[in-house]
Structures are given as C-alpha cells and as structure tokens.
Amino acid sequence: MIRFLVVRLLSGALVVWVVATLTFFIMHAVPGGPFDTEKKFPPEIKRNIEAKYHLDQPVSIQYAYYLRDLAHLRFGPSFKYINRQVQDILLDTFPVSLVLGFWALCWAVAVGVSAGVVSALWRDRALDRISIFAATLGISIPNFVLGALLILILSHRLKLLPPALWEGWRYLILPALTLGAGPAAYLARLTRSSVLEVLEKDYVRTARAKGLSGFTVIGKHVLKNSLGPVVTVIGPLTAMLVTGSFIVEKIFSVPGMGKYFITAVTNRDYPLVMGVTIVYAVLIVLMNFIVDLVYTWLDPRVRLD
Amino acid sequence: MTKSYGRFLLLGLLLCGCLSRSQPFTPGVLRFNLLTEPPTLDWSLAADSASIWVLNNLMEGLTSYDRGLNPIPALAERWEILEGGLRYRFHLRPGILWSDGVPLRARDFVYSWRRLVDPRTAAQYAYFLYDVKNARAINSGEIRDLEQLGVRALDDLTLEVELEKPIVFFPSITTFIVTFPLRREIIERWPESWSEPEHIVTLGPYRLQEWHHEYKLVLERNSTYYGPRPSLDRIVFYMITEASSALTLYETNSLDFLPQGSVPSVAIPFLRGSPEFKSFPYLGSYYYGFNVKKPPVDNALVRRALCLAVDRSKIPEILKGGQIPCSSWIPQGMFGHNPGIGFRFDPERARQFLAEAGYPGGRGFPRLTIAFNTDEGHKLVAQFIQQQWREHLGIPVELNNMEWKVYLKELEQDPPQVFRMGWIADYPDPDNFMAIFTSSSGNNHTGWKSREYDELIARAAVEPDREKRQALYDQAQRRLGETEIAILPLYTYAQNTLHKPWVQNYPFNAMDLVYLRDVRVEAP
C-alpha cells in the first residue's frame, strides 16, 4: 500500500509537471501577448509593464520564475486582474464551482445510475424506452439550450426559481440541473449497458438458480459488478464538474472558475491559464487515484501493488 | 454558443410574453449591470470601462463633466490659466474630506501624478499626463527624479501644473480617473490590497462597502462627501457578462439598469418603442483602414474607388443597433465633427476611378482581403463591404477573421490590405481621435505618414480659437479621408440602454460616463 501511494504520488507529480510545462510553452508560443490592446500605448509604457511582469526576460528565465513560484504553491500575479494573485482568484472562485459541481454530480449519479439500472432490468419495456429517450435527449441537447429552457419554464412561466445570480440554495438548482444533465444521461446509458452485460454472467444465473431473491441478486451481485465502468467515468467527470463550466456559469451568472478556462486564454493571462490548468490536472490525478481505490472495493481481485 | 443561447432565450421570452413584475424595486437602491469584474480599483492602473464606471462614483478629480461634456469644477473650485496655457493653477475647495475624515490636500495630487508616471507603477494610461512637463521623460526612465515632474503643491489647497505645450483641452484630462488624488500613507501601508473594501479610502459620492469578486460590488452613500447629498443609499453592481442573462434579470426586476453593452443586439428591434429603451450616439467611430503600402490599396485611386462604392446608409439595417453612418472621422456629438467631409456613395464615380487606376470593370484587380477580429457584428460589416465592392466595382474580395489577440499582433507586425478598427473617446476632444493617425502614433496601422497632417494636428491641439481650430481639423480630416485616404469611416457607435421607470434623473451622455450621484430610484 505504501509503495502504491509513493509511486502514485511521484507519477502524479510528474504528470502535473509535464502538463504545467507543456501549457507554459504552448501559451507563450500562441501569437498575441497579454498587453496587446486595441488602444496601443507608447512603447515605453509597454516596456514598463513587461518589466513589471518579467515578460522582458527570455522565456527560459520566465519558466524558472514560474517553477520557483509553483514550488511555493504560488502561481504569481494575474496579468488581467491587477494586484491579485492567481491563487487568491482561484480560492475565491473554486469553492463556488466546487459546490455547483458537487450538486450537479450528485444528481447526475443518483438519477443516471438509477435510470440505467431500471432501464436494464425492464429491458425493452416502457420504462426502458422512456429512459433511453430521456438519456438521448440529455446527451443531445446542448447545455445552453437546456439552461434557456429551464429558465423559461421554471423561472418565467412557473416563477419557481430565480433565473440567475448566486444568492443562496435556490439559485443553485437551475445551474446544477443544467450542468448535471449531460453527465446524468451519459451515466444512464453506461450503467444500462454495463448492467445488461453483468446480467448475462454465469454467476448471476447461478445466484438466481440458488433461489436468492431478485433484490439480493441485483443489489449484491449485479450492481456492484456493473459499476466498474461507471466509476472509471466518474473520476474525470468529477474533476470536470467541480472545476466549473464556462457556458453554465455564464448563463446563470455563477461566480465560479469555469470561465477562466476560456477568458484567461483569450486575455493571454499566462499565470491564470497555468493556475486553472494545474488545478484541473491535480484533480484529474487525484480522482484517478480515488477511482483506483474504489476498484479494490468493487473487485477484490484488483490489488493496489 | 452563448449567442445561440441568447437568441434561443430571447425568442422564448418574446413568445411567452413574459415581462413579469415579480419583484418590486427597493427605493434608494440601484441594481446596475457592470458586465464584468473590474480588473482593478486602483485608479492609477485602471484602463477599462467597468473599473472606470465604479471609480467615477467612488472618486472625483480636479474637474468633472457637465451633461454636455464640458469640463466643470469638481475638487478644484476654480483654476487659472497662466503663461499662455503653459501653467495651470488649480484651487481646491476647502473642507473636502476623505472617507476616513482626513482632509484632501494638494500633495495628494502630487503623489498620485508622480506615482502614475513612475515606470515602476507600469500604468497603461500614464501617457494621459505626457503633456505635463517631464512626464514622458520620467515614464521612459530618462529622468529618474520624480520631483522633476511639472506638478507641485503651492500649499494645502493650491496645485500648480506646468505643461510641455499649451494644450487647450487640459481641463478635460483632469476629469479622468488616473489623475485623481491618492493617499500615500494608505498605499504604502497596504501596497497590494489598498483598493479592497477593508482599506480603500475615497472621497466621491459613494464608498466601497463590499466586493465579491466576479459577482458584485456594493457601494453605499459616502457621508463625508463634500457635494450635494447623493441620492442613492446603495448601488449594487452585478457582473453579468451574458447579455441575454442580464435581460432576463431585467425582465424579472432583478436589475434596474442595463448600460451600453448589456442589451443583446438581437433584442434591440423588439425593444424599440419601449419607454424603457434608450438609444443615443456614442463618441466612438468604426472604420476600415487601408495599408497604403500594400498593393492594390497603395494606389490612392483604388482607395478612392473603394470608398465611393460603399452605401453606408444600409449599415443600420444590417447591425440593427442604432449605428449612425458617417463619412468623416470625428464622430457626431464632438467638437470638430463635419458631416460634409468624406465620400458619399457614388458607384458611377467609383467605377471611373477604378478604371483610371487601371482596372476597368474590375478586370485584372489583384486579390483583396478584408481582415477583422472574430465577432458576429464585424463579420456582418465585412460581408456587407465585400458585397458592395463586388456589386459596384466587380472585384473579388476575400474575408479573413482572426482571434482578437492574434489580430492585434497582425496589425502590429504586418497590417492587412484592408482591416477593421474602431476608436472610442478617452476625452471629448477631437485631438483624441485625430492624433491616432499621426506618423508617430502606435495606433496608426495604415502605414500612411503625412508631415502636413502631423503639423495640422499639433497646431490644432494648442489653438484656443474654436473657429480656427475647426478649420485645422477640417483640413486634417480631408487629408485623412478625402485626398490621401488612409481610412474609410463607416459609422458612429450608438449606446443602447434599458432602464426601469423608477430609475430617474440618469445622466445619459455620449461618453458612456456613469455618474450616479444624482440618480434616484423611486416610484415614478
């Protein structure tokens, strides 16, 4: 176990370093700089600004500064948000995305897995068809359309929920529903096919032949053994959901960090791009590690070492 | 994708007829869409509209604007113009207090201005003070002693400014946020966080109460404000970037005011006629620039033909945002505007000039590309111009769109044959528009350099007589857009806003300045 932890920690650190390095050099290779603006200012002002942020130094020196800061868990000052450190920006916005992503994930997993199981158990019957139809819709409808529909129906028509802003739990519902809809649909389809596959296994037939109740067969043998592919997906899905969504946060005016995946790049705010990329990379590594641990619980044949 | 969302939501809103009135307004509280997070509230470093909107309500300068955008006394109760305009002496109002009760002193301005031009501050708008003696030399590092800057406090209430040249619009410069005073001891105590609510000290009509980054800013009335009692108890600036979401919140009475940039363009045709909708000119102009060093637009006859072949009157139908077609560069609403300058639509003459240039009927015309940054509005304009030139001149035109920063880099390094650009006023003086096409300007991407034009602009900047000044700008505009033709002006921008009936006395103005001191929120 200890060996496993050490190996995973080292490999995780290596992955994060590779991602951080690649992102750093790709970002600097993209044409256009952070201080290229529509209204050009005189050259001496540009020189002053570049000196302030070390952009007048060779890229290799900038990379050294960047690694030094990273070693101290700092990402440096944002180029766009003056006098704000990137870690402060992320500390302000990540908790919001985390809360939203957590609730989106909860309902996506609860509804998606349940629908998948029900669909598989009642294969080719009305419930299955309804579930497949809903899942196909969930996957096909872009979240900006779903968000707009929810606002129109639940906010405008029925006046049940606020259309946007972030003032309390009622403001969480629409964005969480929108954010979780696609993953719920995907999980439903994945769970259905996985359960159907397990239902064909010999040990399920044996369990039934032994006279075990349907509930026990499903709960103890089918469900647990069919969750492997679902858990594999949930790992990166969690990282994706808790780091926010540009579209959903924009539609519902949620002050999360999802927007930075786009705006930091368009602003060429290198430190912020690095910050969000590294947070995402760390979460992916972490979630994959947790998935590996869950595998050992789901399937005792899997050994960590 | 978000545009698609906007259209979808708007369509739904209109179909449903859902102009609900679910939430009442709160008297004395204004909910205003700021659109985006202000990058900073350090007024030496602010350079964007969101920061400026907020700061103009937290702070004041030596001068301010009246509703006609004329500079009027603010922190300075009067000023003297000495030595033929080379020296300004500002007399501060006695008794002005910062929000912590400390009196305003002239040295607060001296500190602020020195900090602005200090190269270590790295302020984008340091060049606003370049007409002050030694400002540019200090900012570029040629002079290291900040005390050499031409500003000094004669006493606590008198500030004297020495200029490099007698520019006539200097009182407009002192309306701008970067010239506002600063408290040295506050900044030195909290250098990184002095502009956060717990530390910031201001002297405008409102004070900063809360800053929830990326979400909202809350201002409350400043009890130490020197002027008339501000009308609002609180201002809540929400940062809603998606225009359709802002409209939804407005329709559900969660917002009281949608400023310029916050009303979805797709909604404007449906909103016209509503008493809550207001559309009015903006001191900003949109143009197509020619790179006069690249064929075929290196030929003035070709440029003339291209200018004559565009029927600008169709642009408002295409963009639907209240844009005002214009043939001259200085925008409508600004001193110096002359609608008689520039080319009118005349396809017959356009074809003659093209034939004179060696391309009769467009035959043999080389490949011509219009470049623009990726945006739905710019694309519509480019497609329109492409169609106009194809239809009236018979020439093939290609379109090339680029991501914004890539586009800016292209303009800097290798400007395309024809490119789109715009300019929005920093101060309401024609110098701000005309100086961008001088030979030394970094904003002149056309490659066109004219010593005569440069001289006209330099003379106009210091000419106190309005008639003579107008004549100088007329001459310069003719060179720019009629005889030598570096640009094709297309339209003046419009501002489109929405305000609830209970938002009263809002000072709509052509510079999109948000002064909320006298705005009231009360039952109509």
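Colleague: In which hand does H7(A) pass H9(A)?

Modeller: Bear in mind that this is a predicted model. In it, H7(A) crosses H9(A) in the right-handed sense.

Colleague: What makes the contact between them, residue by residue?

Modeller: From H7(A) the list includes A:Leu179, A:Pro183, A:Leu187 and A:Leu190, and H9(A) brings, among others, A:Val222, A:Asn225, A:Pro229 and A:Val233. By class, the contact of H7(A) with H9(A) holds 13 nonpolar residues, 4 polar ones and no charged ones.

Colleague: How do you know how H4(A) and H9(A) run relative to each other?

Modeller: The packing angle of H4(A) and H9(A), residues 214-242, is about 155°, with the axes 10 Å apart. The cut-off for roughly antiparallel is anything over 145 degrees, so H4(A) and H9(A) are roughly antiparallel. Their crossing is right-handed.

Colleague: Which residues bring H4(A) and H9(A) into contact?

Modeller: On H4(A), A:Ser97, A:Leu98, A:Gly101 and A:Phe102 are among them, and on H9(A) they include A:Leu223, A:Val230 and A:Ile234. Sorted by class, this contact has 12 nonpolar residues, 3 polar and no charged. A:Val230 of H9(A) is listed in the contact with H4(A) and also in the contact with H7(A).

Colleague: What makes up the secondary structure of chain A as a whole?

Modeller: Chain A comes to 12 helices and 0 strands. Its C-alpha atoms fill a box of roughly 85 × 60 × 30 Å along the principal axes, and 40% of its 305 residues count as buried. Among contacts in chain A with a separation of 6 or more, 73% are between residues 24 or more positions apart.

Colleague: Where does chain A touch chain B, and how many residues come from each chain?

Modeller: Chain A gives 39 residues to the contact and chain B gives 44. On the side of chain A, helices H2 (43-52), H4 (86-121), H6 (143-157) and H10 (246-251) each supply at least two residues. H6(A) has the largest share, with 9 residues. By class, that side of chain A divides into 19 nonpolar, 9 polar and 11 charged residues.

Colleague: Over in chain B, what makes S4(B) and S5(B) a pair of strands?

Modeller: Two strands pair if there are at least two bridges between them. S4(B), residues 76-82, and S5(B), residues 87-92, are joined by 6 bridges and run antiparallel, so they pass that cut-off. B:Ala76 has B:Leu92 as its bridge partner in S5(B), and B:Glu80 has B:Arg89. The two strands form a hairpin with 4 residues between them, and B:Glu83 in the turn has a positive phi of about 50°.

Colleague: Why are S4 and S6 of chain B called edge strands?

Modeller: The open sheet has 4 strands in the order S4-S5-S7-S6 (chain B), with antiparallel pairing. S4 and S6 (151-155) of chain B each pair on one side only, and they are the edge strands. From one strand to the next, the twist averages 20°. Helix H3 of chain B, residues 106-117, lies across S5, S6 and S7 (158-162), at about 170° to S6(B).

Colleague: How do you know that S14(B) counts as a partner of S16(B)?

Modeller: S14(B), residues 368-373, and S16(B) run parallel and are joined by 2 bridges. The requirement is at least two bridges, so this pair meets it. B:Ala371 stands opposite B:Phe419 in S16(B). S12(B), residues 277-290, pairs with S16(B) in the antiparallel sense over 7 bridges, and there B:Ser285 stands opposite B:Trp423.

Key. Residues numbered from 1 in each chain as written. Chains lettered and ligands numbered in written order. Predicted model: local features only at pLDDT ≥ 70, side-chain atom pairs only at ≥ 80, totals over all residues. Contact = placed C-beta atoms within 7 Å. Nonpolar A, V, L, I, M, F, W, Y, C, P; charged D, E, K, R; others polar. Axes fitted to C-alpha atoms, helices over the stretch in contact; angles between N-to-C directions. Parallel < 35°, antiparallel > 145°, perpendicular 65-115°, else oblique. Left-handed = near helix turned anticlockwise from the far one by under 90°. Buried ≥ 20, exposed ≤ 12 C-beta atoms within 10 Å, placed from the backbone.
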